[in-house]
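User: I'm new to reading protein structures. Could you walk me through this one, feature by feature?

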Amino acid sequence: MSEDVSHYEYVLDNDFFISIDAPEIQKGKLRVALTVKKSMGVFVLNFHTEGFVVVPCDRCLDDMEIPVDIDDELKVKMGATFSDENDIVVVPEEDGYINVAWFIYEFIALSLPMKHVHAPGKCNKAMMGALSKHLRSSADDEDYMDDVEENDADPDVEREIDPRWKDLKKILDNN
């Protein structure tokens, strides 16, 4: 049983994310170490990716860096037609190669948290002020954003319910 091993290294920068033309990540700086092992007709690709990506904050829309440090595996074998099922990618024998760019992008994107939000107090103050103005239920509620950040930090804190929702709930309770 013979086993062939090859090593590759890639540096991904903003140009990679522009060329891949995917919506979620537009910028970043990552290093990918790829090890390819061929064993019994199957190529096992092991990816180690580390660095950071830049995505917009969901709250203030300013760019924020998210660190990436992941390990992923992809199994590839030769076949008649391309297929991406059952955890094995089948590459047509006539092609004889696989472009791993999209797989690398997917590994990175799937490693990111669902919610992209700056640490409390780090969001753009001007945007948070505008957001606060539109989210307040009354003009005397000046400390709304401080309350939001405190409640985001501690999920056990119960938020005061907007009186408009209480009135709507009464309608539901009457039916």
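User: Which residues have the most contacts inside the largest nonpolar core?

Analyst: This is a predicted model, where local features need pLDDT of at least 70, side-chain atom pairs count only at pLDDT 80 or more, and totals for chains, interfaces and linings use all residues. Residues are numbered from 1 along each chain as its sequence is written, and side-chain values use heavy atoms, leaving out hydrogens and water. Now the idea: in soluble globular proteins, nonpolar side chains tend to be buried together. A nonpolar core is a set of buried Ala, Val, Leu, Ile, Met, Phe, Trp, Tyr and Cys residues joined through side-chain atoms within 4.5 Å; buried means under 20% relative accessible area (1.4 Å probe, protein chains only). Here the largest core has 34 residues, and Ile25, Phe47, Val53 and Ile108 have the most contacts inside it. Among the elements giving it two or more residues are helix H1 (14-20) and helix H2 (101-111); helices are DSSP runs of H or I, at least four residues, and strands are E runs of at least two, numbered from the N terminus.

User: How do strands E3 and E4 pair, parallel or antiparallel?

Analyst: Two strands pair if DSSP finds at least two bridges between them. E3 and E4 are antiparallel, with 15 bridges; one of these joins Gly51 to Val68 in E4. The two strands form a hairpin with six residues between them, and Leu61 in the turn has a positive phi of about 70°. E4 and E6, however, run parallel, joined by five bridges.

Technical notes
Buried < 20%, exposed > 50% of the residue type's maximum accessible area, 1.4 Å probe, protein only.
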